[in-house]
Amino acid sequence: DIFRTWNTGRLDSYLIEITAEVLSHVDAETGKPFVDVVVDQAEQKGTGRWTVQIALDLGVPVSGIAEAVFARSLSGHAALREASRGLAGPKASALGESEAAAFADRVEQALYASKIVSYTQGFHEIAAGSQEYGWDIDLGAVSAIWRGGCIIRAAFLDRIRAAYDARPDLPSLLSDETFAREIAAAQDDWREVLVAATRQGVPTPGFAAALAYYDALRAERLPAALTQGQRDFFGAHTYRRTDRDGAFHTLWGGDRSEVTA
């Protein structure tokens, strides 16, 4: 019922629709919910894997998409999962009926925010590929094609097309005023869902990766400065400074003076 309700709102999409159908289906032989009699090892044809591989080649961060692929991969390692069953974790507790209803609303916010990030990453990869290979892809047109017939078709795509039609040079969907405003409104619930899931020991890699991406984008500085220092230390890979142009190297094994690379 929750997914059917979501499918009448801003999450209206083919995947939400079929999720409701699959979750409500009852196994004819056992009378149990269908999902309870299906082996929990997800397979894949390769589309997600190719997406992540190409993103790495292009240097585009698609962390949310990658975590979805890796979650499938992890599910298939039955022996590893069996060997890890005894690992320590938190004691889970059930929610009351009213608490569960309120939490479902928070999950809807988290899902919507993560969806915005997922599409942001996907369109970033397409734009990067278009630039790298000279394809001149119209991102708004891509939205229209997907809307017309694809497993990720969703009403949401109409708004993406409108965003790119209004501003073809949009650097990111998160730069669109409407999407930025919506994700800002959702972020508190998004964070609360992740806190609750962590306390219950429930893995939410897609939500977590999407939020980390969002927070990384909006951060004034990232710990990559330390990474560059480490790279310069072990491999003399050089670094750039914030106060002047050029590439530099510190003589870590000597007097630690700095030289121009």
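1. Which helix holds R147? In this predicted model, R147 sits in α7, the helix that spans residues 139-148. With a relative accessible area of 31%, R147 falls in the partly exposed class, because that class runs between the 20% and 50% cut-offs.

2. Staying with R147, have a look at what surrounds the residue. Leaving out anything up to four places away in sequence, R147 touches R153, A154, A155, L157 and D158. With D158 there is also a side-chain to side-chain polar contact of 3.2 Å. Further off in sequence, S13 is 134 residues away along the chain, yet the C-alpha atoms of R147 and S13 are separated by 9.4 Å.

3. Next, T120 in helix α6 (residues 97-133). Is T120 buried or exposed? T120 counts as buried because its relative accessibility is 3%, and the cut-off for buried is under 20%. A polar atom of the T120 side chain lies 2.7 Å from the backbone oxygen of I116. Beyond four places in sequence, the residues that T120 touches are S172, L173, L174 and Y213.

4. V38 is partly exposed, at 41% relative accessibility.

5. Finally, the domains. The assignment for the chain gives domain 1 as 89-219 and domain 2 as 224-260. Taken over C-alpha atoms, the centres of domain 1 and domain 2 are 36 Å apart.

Note on methods. Residues numbered from 1 in each chain as written. Predicted model: local features only at pLDDT ≥ 70, side-chain atom pairs only at ≥ 80, totals over all residues. Heavy atoms only, no water. Domains from an automatic or database assignment. Buried < 20%, exposed > 50% of the residue type's maximum accessible area, 1.4 Å probe, protein only. Helix = DSSP H or I, 4+ residues; strand = E, 2+ residues; numbered from the N terminus. Polar contact = N/O pair within 3.5 Å; in protein donor to acceptor, adjacent residues only side chain to side chain. Contact = heavy atoms within 4.5 Å.
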